[in-house]
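Subject: Structure handover

Hello,

Here is the structure I said I would pass on. Please open it beside this email and follow along.

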Amino acid sequence: MMRRRATRRPRRAPVASECTRSQPPRRGDRPVPLPAVSSPWLDDQQQRTWRAWLAVTELLPRTLDAQLQHDAGLTHAAYVVLAMLSEAPDRSRRMSDLARTANQSQSRLSHTVARLEERGWVRRERATEDRRGNLAVLTDAGWEVVTRVAPGHVRAVKEGLFEALSPAQTEALEDALTAVLERLDPDHTLRVPEVG
């Protein structure tokens, strides 16, 4: 009677978030040589920073969404659209400009504005200058929502972020995020305009 050869299950390939300079990917008991053209793995400090960043970008929006859902049945993305319109002259922006300032794609913004239109908080109209672009306009009812919800939103931002930081840490965080923004958006066409 012939013995069946045991089949070995293939090992799962390591992902970048699991590997650092001090812990290269391994095959069995032997390190796997990395291709010379690949970027270095994150070092320990970078790994801790990256994972903390991933956790914060997951948990903080969730906290803000919970507050906005409780106070007005709004998502954070929808609130940002209302806030950007409330800060604009005549409480209106071109849809293309609003997508940029709200950090949303055109298609996502279109869905967000459609939901806000259903609630009577935003309306769309043709731009008067060239009759080609569309404007999103904050209605009086939408303005009332922003003014009612904004104080609770500000409290949530302070509690979720700034109360955990000293003034020096807040300044360092601003410097770090600004440096990343300059790398990602060097011509300043994608980011929300600075206030003041």
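Below are the notes on the fold, the sheet, a helix pair and the salt bridges.

This is a predicted model, in which local features need pLDDT of at least 70 and side-chain atom pairs count only at pLDDT 80 or more, while totals for chains, interfaces and linings use all residues. Residues are numbered from 1 along each chain as its sequence is written, and side-chain values use heavy atoms, with hydrogens and water left out.

Overall fold

The protein chain has 6 helices and 5 strands. Helices (H or I, at least four residues) and strands (E, at least two) are DSSP runs, numbered from the N terminus. Along the sequence their pattern is β-β-α-α-β-α-α-β-β-α-α. Of the 196 residues in the protein chain, 27% are buried. Buried means under 20% relative accessible area, exposed means over 50%, and partly exposed is in between (1.4 Å probe, protein chains only). Contact means heavy atoms within 4.5 Å. Among contacts between residues at least 6 apart in sequence, 49% join residues at least 24 apart.

The sheet

An open sheet is formed by 3 strands in the order β3-β5-β4, with antiparallel pairing. Strands β3 and β4 (122-126) are at the edges with a single partner strand each, so one side of each has no neighbour in the sheet. From one strand to the next, the twist averages 25°. Two strands pair if DSSP finds at least two bridges between them. For β3 and β5 (residues 134-138), the antiparallel pairing runs over 3 bridges. R93 stands opposite A136 in β5.

Two helices in contact

The axes of α2 and α4 (residues 106-118) come within 10 Å and cross at roughly 80°. Axes are lines fitted to C-alpha atoms, for helices over the stretch in contact, and angles run from 0 to 180 degrees between N-to-C directions. The two helices, α2 and α4, are therefore roughly perpendicular to each other; that term covers 65 to 115 degrees, with under 35 counted as roughly parallel, over 145 as roughly antiparallel and the rest as oblique. On the α2 side the contact has A77, A78, V81 and L82, which meet R108, L109, T112, V113 and L116 in α4. These residues divide into 7 nonpolar, 1 polar and 1 charged. Ala, Val, Leu, Ile, Met, Phe, Trp, Tyr, Cys and Pro count as nonpolar, Asp, Glu, Lys and Arg as charged, and the others, Gly among them, as polar.

Salt bridges

Side chains of opposite charge can pair when their charged atoms come close. A salt bridge is a side-chain nitrogen of Lys or Arg within 4 Å of a carboxyl oxygen of Asp or Glu. By this rule the count is 6.

One of them joins D140 and R91, with the closest N and O atoms 2.7 Å apart. D140 lies in helix α5 (residues 140-160) and R91 in the loop between α2 (76-86) and β3 (92-94), so the pair ties together parts 49 residues apart in sequence. D140 is exposed, at 54% relative accessible area, and R91 is partly exposed, at 22%.

Another salt bridge joins D97 and R100 (3.0 Å, N to O). Both D97 and R100 lie in helix α3 (residues 95-101), 3 residues apart, which is about one turn of the helix. D97 is partly exposed at 23%, as is R100 at 28%. R93, D97 and R100 are linked in a network of salt bridges.

R123 and E125 also form a salt bridge, with the closest N and O atoms 3.1 Å apart.

Regards
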